[in-house]
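Biologist: I've got a model open and I'd like to learn how to read it. Can you walk me through a few features?

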Amino acid sequence: MLVVTLLYWQAAWLGDVFSDHGYLTPVWPAAAVGCVAGILYGPRCLLGAAVFIAYDFVANGTTHGWLHDRWAFVEPVSMLVSAAVVRWLALRVGFTGKLDTVRAVLMMMAFGVLFAFVNGAGGTAGYCGLAGTRHCIAYGWPGYWIQSMVGDVFGCLICMPALLSWARWIDSRFHPAARRLPQASFSSERRRAPRLARPAIARAPEPEREDSRLPPVIRFSREQWMFVLCSLAFTVLGWAITRGWNVPVHVVGFLALPLLVWAAIKFPPLFVHSAVMACGLITITLQLTAPGSASADPATHTASLFLFLLSVSSLTLIVNVVVQQQRRLAGELAFRAQQERVELMLHAATDAVISFDEGGALSYWNPAAERLFGRSAADALGRPVQEVLPLPKLVAAADGIAALCDANDDLFSGAVTEFDAVDATGKRLPVELSLTAYRNDRGWAATAFMRDARAHKRQEEALRLARDKAEEATRAKSLFLATMSHELRTPLSGIIGMLQLGLREPMPAPSRSRVSLALGNAEALLAIINDILDFSKIEAGKMGFESVDFDLREMVQSLVELLDLRAQEEGLSLLSDIDPNVPQWLRGDPMRLRQILLNLIGNALKFTEVGTVELRVACGSTETGRLLLEIEVEDTGIGISHEAQQRLFSSFEQADLTTTRKYGGTGLGLTITRALVEGMAGEITLRSAPGVGSTFRVALPVAIGAPVQSVQEEPVAPFDCRLNVLCAEDGHTNRVIVQAFVQGLGHDVSFVENGLQAVQRCAEENFDVILMDGRMPVMDGLAAARAIRAGGIGETWVLDPAIRMIALTANATGNDRELCLAAGMDDFLSKPVDERLLAQALHRAVAALRERGRELRPRLDTMAMAGGSTAALDALFLDGEPDAASVDAAEAALADAAAKPPPPATSTAAPAVRSLSERLAEAFRSETPRLVAELAEAIARRDLARAARIAHNIKGSAFYIHSDAMADDAGGLENACDAGDDAAVERHWAALQESIDDWMTAH
């Protein structure tokens, strides 16, 4: 009411400005305010305006007194009656003030004329019939009535469109439900597809503009500002024409018609209606201020102005309505096309899609729902959704889903949940359900998307089984790698151990150099084998690379010296050329680089029968400025065809099958090489032709390193005590090496073959240290360590549960150390045993024992074993313990040897002690008959687990005595026992017996 009153006061002030020019209110904008307020809000909102009219009549009247002031009610009452009439009629015809059709525009004009008619009739009846004013006497009742209507009609024609649009816009912002008409019920209508929200009227996209503090409704686009400027220009032009040429205003006013048509076509209705009001007010102003307007004939000017305003405003409004209808029609067509596409998609969807309205009645049921629930669409539509989806919240919402939707309930969040629906037979049907709610022109609605959870569960079960199989395969692979690590490292440990023992014997300088070179390369081979065994780590890209400073020239020289002997044996020349510009010290991974060169040169030597193999090293630079190490290995071998080059770097691939048979190999060398090169951010390429040879080129980015000062290896400090060591080891050859190392350090050592014997010996004798193997028969090392830490087994109680235990295992998987330490062991050594590491571990054991307050025996001098008794020294390599006489004789021999000076290196005297190979062979000859008998017994009883362990033991010993045939037969027997293949067991057992007999005959 307050807003209407203020607006009415402003409009009345504007009307008074127009009436000051001698006309009887030629335009009265206040009438438009009253008519619009009456249509939209009813006469009650005009009570404030009525009070203002009465006050203005009393305050600004020509005379004062009761005779004059008593008629102040005439105009207010007339206006309220007119507002009531147009309000009643608007409700009857359903006019809401929205000018979106031609009918609505014509109805607006009719309501304006009706308001002016009723308001003029009321004023005429009051002033002429009751008051008898002088104007009525001068013009008469009809004349006064017509002149009263003219201003109201002009005001309504000019201002009503803009006032209606602005009022509706304000209501939509501050009172969204004020203009909403009640919707008809369509409960009986069922749609085939969920109805989408009606799209907005399509308009041309407006260019983006900077943020403004102005409200969006008065933020003009560039084209709207252009319209405003053109309107100002046309106003000035009209003013000039009416002043200079005395042309009638209504004629000049037609200059505004193109502008209004432009606005009607391009701009929204609110802007167009405001432009019509501005055009009308400007036209009235120009006419009232034109020369001679006061002396002109009022009737002529009034009629011409009325016709002009009527034609311009109606034409503009109708054009704007037609344009809006065309846009709406285009939107409707797009909407229908979209609806058709949606219905086609839902019809073809594999997931069940159903929709239901606000009351819960099913309104859509696609073919997938028919298949899922076994119920046709004709049978389902109209039924309550609770029959299909008995969700607790839907069942409880007896009055519909509006309350749930208004509260933003998480039921309609779209999240996928599992729920038991109900099919046509009433059975539970597990489905994956997703519910979404939306509002259309008929209220709230919801759509459910469902998928048969049974198929999904079957897929999940299949995936789970596949995952379990993959995990089982991974575990089997890990077990295989651990087993292979043990099998490969065990003979390698014998090689390294024998070489270390050989270096302790007097030998000529060239021989010592060769043995040292062999030991270094055996240790390098051990590091390479660790990565080859874990090939899955290369495939997964988890190969680790270090970055250290190294001497490139020294590494290449040692590698060439290693392979040159092989090249000479095959009648080849191995050449190397390092460019002088290549820095001597580089920073990278020397172990991986050595492995790359070893593979490439080894391949070149393997596939070259005549000619040379050349290694060339140069350097360049990368695009980023880093140093690029360029390595080429060129040979004059058999060459590789273009077809074979395409698969050469694949796993287990060679040029052809004949190559595999003729030259041997697994086909993994180049695969590993490429993985190493790419892991170091490098590139490997090949240039080759059959019969010409091959050139492998490797480019590796490296950095310039700093010289590394060589540090002399400090000797292991001698022991000042003598430990009593128990070694649990089932491999006889490993016992020989451990015994030599431990006794060489001045300690005593006893052996058992399994963990149970170790526990029993700890109950009989108080040892200082235990060297515990991991994989042994009867009881493994981990179980034995846990039993010792627990105090014993059954009635067997160990003397010292806190005894120092050192793990000694050939397994090389990453968690072996953690497993051993968790079982109670104090230290960890990996096979092959390094003498220095063993000495350091025993030093740590001595420190721990003394910290506990344990008294240790004094050390015996075991320097120089060359002068000892042969029988006593040979006892070190036998399976059993030496007798007391042998021990005494050995100690006496050691004492005598300590008093004698060492023999010169060039002495040609025969050694007093047999070579290690002879001792190993004798140990094998004495041990093998017992092992063969036990193996035959195990196979006869079909104790395949025991047979596999014995075969494993024979295989390890066969490597040390250099009997590859025996090792292969023993390995085949072990695998056959593990697989439980009786036929294979018999076949490999016969072959093993034959190979053992052949070796015994030859030795």
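Biologist: How many bridges join E10 to strand E12?

Modeller: Two strands pair if DSSP finds at least two bridges between them; here 8 bridges join E10 to E12 (residues 693–704), and the two run antiparallel. Strands (E, at least two residues) and helices (H or I, at least four) are DSSP runs numbered from the N terminus. This is a predicted model, where local features need pLDDT of at least 70 and side-chain atom pairs count only at pLDDT 80 or more, while totals for chains, interfaces and linings use all residues. Residues are numbered from 1 along each chain as its sequence is written, and side-chain values use heavy atoms, leaving out hydrogens and water.

Biologist: Which residue in E12 is the bridge partner of valine 633?

Modeller: Phenylalanine 696. E10 (residues 627–635) also pairs with E9 (residues 612–621), antiparallel over 9 bridges, and there arginine 616 stands opposite glutamate 632 of E10.

Biologist: How many disulfides does the structure hold?

Modeller: A disulfide is a covalent bond between the sulfur atoms of two cysteines. With the cut-off for a sulfur pair set at within 2.5 Å, the structure holds 0.

Biologist: Is cysteine 35 buried or exposed?

Modeller: Buried means under 20% relative accessible area, exposed over 50%, partly exposed in between (1.4 Å probe, protein chains only). Cysteine 35 has 0%, so it's buried. Cysteine 977 is buried too, at 5%.

Biologist: And where is leucine 2?

Modeller: Leucine 2 lies in helix H1 (residues 2–19), and it counts as exposed because its relative accessibility is 63%.
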